[in-house]
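Here is a short report on one protein chain. It begins with a loop, then turns to the helices and the cores.

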Amino acid sequence: MQPANKIFFKELLRLLLYVGLGLVITMVISLPVGALIGVFTKSPEQPFGGPLTFHLAMWCQSAFIMFLPAIWWCKSRLRRDPYECYGFRKVDARYLLLAFAFAVCFLGGFDFINTFLYNFDYPDWMHNYILQEKVEANNSAQALMNLPGVAGWIECILLAAIVTGIVEETMFRGALLKCFGFTTLNKHWVAICVGFLFSFMHFEFLGFLDRFIIGTIAVYMVYWSGSIWPSIVMHATNNLICVIQVKLTDPVDPLDTQEPMIPWYIGIIGLIATGLIVRAMWQIKVPEATLEAPKFTPQSPDTCAEQCTDEPSR
């Protein structure tokens with residue numbers, strides 16, 4: 001194994017250690033508070049507080065598992081300002097508009113892909129696994145959207161769309177992308193690896209392909225724009241539309257045969273449109289350096305603070 005790749009695995013394990021510590025903190029906060037909520041609400045059906053505890057766990061997850069580990073790793077290992085290092089910088093407004101359009105157009109393709117995968121002829125054990133996965137995903141969505149009134153709408157949009165978009169992009173298109181700078185991989189393999197890990201960490205078979213596509217394209221958005229904001233806009237827009245959809249539609253039985261929400265040809269048109277949008281992003285000229293994963297020297301990870309420079313590349 002080349003020295004640079006050894007440094008990558010060492011730094012990746014360090015980042016995962018920070019994430020694991022965040023998971024412990026999330027459990028320490030969520031479980032006791034959830035038990036107290038269950039005691040005060042006196043609900044035998046929801047001994048750990050039900051949706052309130054779920055929302056608390058989601059907020060803790062955003063802070064302690066995604067955002068703070070990414071910030072801590074950057075400051076302790078790269079010794080740089082995370083705001084600048086991860087690309088929270090001014091960006092051409094055209095990228096933001098295209099990122100928004102990508103998220104909207106890809107919904108048709110998302111529905112087309114998911115419907116095709118769900119109705120595929122699987123072995124019985126795989127089919128049962130997918131059904132169980134759908135039930136769990138449906139329960140999580142209902143728990144997330146269960147708070148009533150205007151306050152419930154605001155909190156749900158803030159948590160599921162805006163905050164999740166920012167913290168997940170900070171982790172995956174920020175910290176993880178920089179971590180891959182320690183490898184000898186070229187930028188295209190880095191994009192594929194980051195997209196794969198982004199999708200894998202959602203632990204959902206049916207949504208794996210679309211999240212892999214979105215996660216990989218988000219890395220190229222960072223490369224081409226020199227900023228992380230387009231990927232945040234795309235992620236937050238995608239989540240926002242899903243929140244609105246779940247909030248405004250009646251709950252469905254997850255065991256029912258899945259039918260497409262929109263005609264299949266609209267899904268095909270959506271996929272073609274997203275391809276054209278990606279091409280338009282690639283064609284926009286960015287005069288300054290982009291955030292392609294920087295290449296660090298393998299001697300010592302502690303020297304990367306001085307060498308963590310952005311390389312201009314198309």
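In which loop does F203 lie? F203 lies in the loop between α7 and α8. This is a predicted model, in which local features need pLDDT of at least 70 and side-chain atom pairs count only at pLDDT 80 or more, while totals for chains, interfaces and linings use all residues. Residues are numbered from 1 along each chain as its sequence is written, and side-chain values use heavy atoms, with hydrogens and water left out.

F203 is not a glycine, yet its phi is positive, at about 55 degrees. R79 is not a glycine either, and its phi is also positive, about 55 degrees. Most residues other than glycine have a negative phi. R79 sits in the loop between α2 and α3 (82–85). Both residues are exposed. Here, exposed means over 50% relative accessible area, buried means under 20%, and partly exposed is in between (1.4 Å probe, protein chains only).

| Residue | Loop | Phi | Relative accessible area |
|---|---|---|---|
| R79 | between α2 and α3 | about 55 degrees | 51% |
| F203 | between α7 and α8 | about 55 degrees | 57% |

**The helices**

The chain has 11 helices and zero strands. Helices (H or I, at least four residues) and strands (E, at least two) are DSSP runs, numbered from the N terminus.

α2 has 28 residues. From its first C-alpha to its last, α2 reaches 38 Å, close to the 40 Å expected at 1.5 Å a residue. That expected span is 1.5 Å times one less than the number of residues. α2 bends by about 40 degrees at L68. The bend is the angle between axes fitted to the seven residues ending there and the seven starting there. A proline, P69, follows within four residues. R79 comes after α2.

**Two helix pairs**

α4 and α8 pack at an angle of about 160 degrees, with their axes 10 Å apart. That makes α4 roughly antiparallel to α8. Angles over 145 degrees count as roughly antiparallel, under 35 as roughly parallel, 65 to 115 as roughly perpendicular and the rest as oblique. The axes are lines fitted to C-alpha atoms, for helices over the stretch in contact, and angles run from 0 to 180 degrees between N-to-C directions.

α6 and α9 pack at about 150 degrees, with axes 8 Å apart. They are therefore roughly antiparallel to each other. The crossing of α4 and α8 is right-handed, and so is that of α6 and α9. Right-handed means that the near helix is turned clockwise from the far one by less than a right angle, left-handed anticlockwise.

V243 is in helix α9. Its relative accessibility is 2%, so V243 counts as buried. The C-alpha atoms of V243 and I157 are 6.9 Å apart, although the two residues are separated by 86 residues along the chain.

**The cores**

Buried residues make up 47% of the 314 residues in the chain. The largest nonpolar core has 50 residues. Such a core is a set of buried Ala, Val, Leu, Ile, Met, Phe, Trp, Tyr and Cys residues joined through side-chain atoms within 4.5 Å. W73, Y86, F102, Y223, M234 and M281 have the most contacts inside the largest core. Elements that give two or more residues to this core include α1 (3–41), α6 (149–179) and α10 (264–283). α8 gives the most, with nine residues. Apart from this core lies another, of eight residues, among them Y118, I130, L131 and L206.
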